[in-house]
Amino acid sequence: VRVGMGSSKDLGQTGPDDAGNKLTKTSIQDFVMNHMHDPISEKYVFDRKLNMPDGLLDDCQPYPMPTRMFAEYGEALKGFAATSGARGNTMWKDHLALTIGRDLQGLTFHRHNAAWNLVVFGSKRWILYDVDRIGGHKTRLKRMTRDVNNPIQLTSANWIRKLYHMDERMYEIRNYGHDCVQRAGEMLYVPSGWAHMVVNIGDTVAVVSERGLDAMEP
């Protein structure tokens with residue numbers, strides 16, 4: 001199985017589907033043995049365009065709804081979408097994404113359609129910010145997620161260390177969001193449009209599905 005690896009900062013800024021030549025294809029074995037714990041490379045696997053190898057997700061079955069609907073009724077649902085004129089990004093696709101990273105890695109603040117995340121091994125700390133609070137206030141979102149005096153995007157771990165306690169950020173998250181830890185075997189649902197960041201607590205493997213993902217590629 002070939003997977004795409006890149007820096008968690010690049011993946012957070014562009015998203016895995018738009019990272020382009022910033023992603024390097026490798027095998028899971030090569031990533032774990034040669035890249036995962038390299039303190040200089042900061043490589044992270046977040047690949048949602050691959051076919052999962054047989055047996056890799058046996059412990060995750062049956063898949064959580066609504067992804068399981070595609071596994072069981074995929075052709076019927078695709079036919080319904082085509083005849084009803086539903087947009088592709090309103091449908092849950094019939095594949096899963098894989099994330100693998102070491103301690104303190106994770107995607108920086110970003111937003112997308114509704115998604116779920118299931119930790120297979122390890123733990124993750126999540127910080128989520130309510131889409132209704134964000135509203136159309138891009139300035140508020142930028143002030144929350146970035147250091148406005150420094151254009152360089154911080155990693156998730158450094159955002160917690162350097163920015164979380166400053167200004168109104170902690171108040172906003174505690175009143176209009178969530179700060180929580182997800183452990184192995186637990187699933188977390190991210191509503192559409194919520195800004196969120198994640199940081200691994202120890203080496204972590206997770207499986208993800210998001211509404212409107214592209215179809216699988218070999």
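## About the model

Because this is a predicted model, local features need pLDDT of at least 70 and side-chain atom pairs count only at pLDDT 80 or more, while totals for chains, interfaces and linings use all residues. Residues are numbered from 1 along each chain as its sequence is written, and side-chain values use heavy atoms, with hydrogens and water left out.

## The overall picture

Let's begin with the whole protein. It has seven helices and eight strands. Helices (H or I, at least four residues) and strands (E, at least two) are DSSP runs, numbered from the N terminus.

Of the 218 residues, 43% count as buried. Here buried means under 20% relative accessible area, exposed means over 50%, and partly exposed lies in between, with a 1.4 Å probe and protein chains only. The protein exposes about 11,400 Å², and carbon and sulfur atoms supply 52% of that area. Accessible areas come from the Shrake-Rupley method with a 1.4 Å probe; for residues, only the protein chains shown count as cover.

Contacts (heavy atoms within 4.5 Å) tell us about links along the chain. Among those between residues at least 6 apart in sequence, 83% join residues at least 24 apart.

Which residues of helix H5 are buried? In this helix, residues 138-145, they are Leu 141, Met 144 and Thr 145. These residues sit on the same side of H5 because they cover an arc of only 80° around the axis, where the arc is that of the directions from the helix axis to the C-beta atoms.

The cover over the buried residues of H5 includes strand E5 (115-129), helix H4 (131-134), helix H6 (156-162), helix H7 (169-176) and strand E8 (195-210). On the face turned away from the buried side, H5 carries the exposed residues Thr 139 and Lys 142.

## A cavity inside

Rolling a probe the size of a water molecule over the atoms shows where empty space is left. On a 1 Å grid over the protein atoms alone, a cavity is a set of points where a 1.4 Å probe fits but cannot get out; lining residues have an atom within 4 Å of a point. Grid points are joined across faces, edges and corners, and a volume is the space filled by probe spheres set on the points.

The count comes to one cavity of 30 Å³ or more, and the largest cavity holds about 40 Å³ of space. Its lining includes Thr 145, along with Thr 108, Phe 109 and Trp 159. By class, the lining has four nonpolar, five polar and no charged residues. Ala, Val, Leu, Ile, Met, Phe, Trp, Tyr, Cys and Pro count as nonpolar, Asp, Glu, Lys and Arg as charged, and the others, Gly among them, as polar.

## Residues to look up

Two loop residues have a positive phi without being glycine. Leu 104, in the loop between strand E4 (97-101) and E5, has phi near 75° and is partly exposed at 41% relative accessibility. Asp 167, in the loop between H6 and H7, has phi near 55° and is exposed, with a relative accessible area of 62%.

Now for two strand residues. Leu 98 lies in strand E4 and is buried at 3% relative accessible area. Ser 123 belongs to strand E5 and is buried at 15%. Leaving aside neighbours within four places in sequence, the contacts of Ser 123 include Val 181, Arg 183 and Ile 201.

Conventions: On a 1 Å grid over the protein atoms alone, a cavity is a set of points where a 1.4 Å probe fits but cannot get out, and a pocket is an open set with protein on both sides within 12 Å along at least five of seven lines; lining residues have an atom within 4 Å of a point.
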